[in-house]
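Hi,

Here is the structure I promised to pass on.

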Amino acid sequence: MSALANHAFVKMNGLGNEIVVVDMRREAGAVTADDARAAAQPDGAPYDQLMVLHAPRLQGTDAFVRIYNNDGSEAGACGNGMRCVADIVFKQSGKTVLAFETRAGLVNCWKGAAPLVSTVDMGSPRFAWSEIPLAERFEDTRAIELQIRPIDNPILHSPSAVSMGNPHAIFWVDDVNAYDLGKIGPLLEHHPIFPERANISLAHVVSREHIVMRTWERGAGLTKACGSAACAVVVAAARLKRANRKATASLPGGDLLIEWRERDDRVLMTGPVAYEYEGRFDPKLFAPTPRSPVYGGGKGRG
């Protein structure tokens with residue numbers, strides 16, 4: 001039986017990034033890729049990311065969080081999802097500062113001054129080609145050799161590459177809505193240059209304090225908001241001297257304030273969350289599909 005069968009969940013969103021939170025801190029069990037895909041079905045609780053809280057593994061942390069995309073793959077980071085998780089634990093614990101362990105490392109969260117607003121420390125960006133990772137060596141990942149045909153006049157080219165605990169490629173454009181990201185995104189996500197696939201963003205620098213962007217999210221598709229992508233975009237723009245280290249990232253779902261601190265190299269993301277509804281997963285979602293009987297020839301026992 002699936003660990004999610006009849007399990008309670010909370011449906012939330014961060015700027016329209018659809019998040020489902022499952023609290024398993026007081027029980028054993030693990031969520032499989034099949035479980036995650038089943039939970040995202042229309043009869044389940046459709047989501048972009050599923051955030052599963054497990055009992056802390058490290059002293060001083062509040063939970064170990066595993067993050068699943070709706071295709072069943074695991075993600076190392078999800079900024080909008082971590083804000084949702086943090087708001088739930090803020091309310092339960094009464095704390096104003098939290099620490100979570102994820103596949104990408106430790107994530108610290110602070111309760112914001114306004115209700116339903118918090119700040120997440122997304123860690124330090126990584127720029128080395130092997131850390132992003134990329135399949136080929138690039139000494140300078142501020143602009144890597146990648147383009148959408150035709151070769152003599154590419155539609156998109158020379159993206160910046162950065163890891164925020166997950167791989168990101170950012171294409172700099174004049175109009176983020178001038179491209180069919182729903183078509184281009186999956187092609188680039190699965191490009192051989194990205195051995196672990198990648199989040200694909202289109203970004204337009206409006207000013208040194210403001211960037212407009214859209215993202216095709218690895219394992220989830222088009223999304224109204226992607227927190228780690230917002231961090232990657234601001235970091236990449238600052239690295240190219242196109243923007244300041246503190247800027248607003250405007251996504252289809254709303255705005256996030258991103259700060260890449262110079263003193264410690266940490267990237268802070270501040271933004272809101274919203275509650276949608278609570279429910280329980282129908283066990284039928286996780287029932288095995290009946291297999292048709294197989295008939296064949298060969299020797300029988302008579």
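Ser158 lies in the loop between strand 8 and strand 9, where strands are DSSP runs of E with at least two residues, helices are runs of H or I with at least four, and both are numbered from the N terminus. Ser158 is not a glycine, yet its phi is positive, about 50°. It counts as partly exposed because its relative accessibility is 31%; the scale I used has buried under 20% relative accessible area, exposed over 50% and partly exposed in between, with a 1.4 Å probe and protein chains only.

Before going further, a word on the source: this is a predicted model, so local features need pLDDT of at least 70 and side-chain atom pairs count only at pLDDT 80 or more, while totals for chains, interfaces and linings use all residues. Residues are numbered from 1 along each chain as its sequence is written, and side-chain values use heavy atoms, with hydrogens and water left out.

Back to the backbone. The loop between strand 8 and strand 9 also holds Pro133, and the peptide bond joining Ile132 to Pro133 is cis, with omega at about -10°. Leu116 is another non-glycine residue with a positive phi, near 60°. You'll find Leu116 in the loop between strand 7 (105-111) and strand 8, and at 31% relative accessibility it is partly exposed.

Now the rings. There are four aromatic pairs in the structure, taking rings of Phe, Tyr and Trp (its six-membered ring) as paired if their centres lie within 6.5 Å, and calling planes under 30 degrees apart stacked, over 60 edge-to-face and the rest tilted. One of them is Phe127 with Trp260, edge-to-face at 6.0 Å centre to centre and 65° between the planes. That pair links distant parts of the chain: Phe127 is in the loop between strand 8 (117-121) and strand 9 (160-163), Trp260 is in strand 15 (residues 254-260), and the two are 133 residues apart. Both Phe127 and Trp260 are buried.

Phe281 and Phe286 make another edge-to-face pair, at 6.0 Å centre to centre and 80° between the planes. Phe281 is buried, at 2% relative accessible area, and Phe286 also counts as buried, at 14%. These two belong to a cluster of Phe9, Tyr277, Phe281 and Phe286 that is linked by ring pairs.

Two arginines are worth a look as well. Arg239 has its charged end over the ring of Phe127, 3.9 Å from the ring centre; the criterion is NZ of Lys or CZ of Arg within 6 Å of the ring centre and within 35 degrees of the ring normal. Likewise, the charged end of Arg245 sits over the ring of Trp260, 3.9 Å from its centre.

What does Trp172 touch, leaving aside its neighbours within four places in sequence? With contact meaning heavy atoms within 4.5 Å, the list is Ser160, Ala203, Val205, Val233, Ala236, Ala237, Leu240 and Arg242. The side chains of Trp172 and Ser160 are also joined by a polar contact of 3.0 Å (a pair of N or O atoms within 3.5 Å; within protein, one must be able to donate a hydrogen and the other to accept it, and residues adjacent in sequence count only if both atoms are side-chain atoms). Trp172 itself is in strand 10 (residues 167-172) and counts as buried at 18% relative accessibility.

On to helix 2 (residues 79-93): its 15 residues reach 21 Å from first C-alpha to last, close to the 21 Å expected at 1.5 Å a residue, where the expected span is 1.5 Å times one less than the number of residues. Helix 2 is mostly covered, with 12 of its 15 residues buried, among them Met82, Cys84 and Phe90. Gly94 follows helix 2 and has a positive phi, near 80°.

Last, the cysteines. How many disulfides are there? Zero, if a disulfide is a pair of cysteine sulfur atoms within 2.5 Å. For Cys78, the nearest cysteine sulfur is that of Cys226, 6.7 Å away. Cys78 is buried at 3% relative accessibility. For Cys84, the nearest is the sulfur of Cys78, at 7.8 Å, and Cys84 is buried too, at 0%.

Cheers
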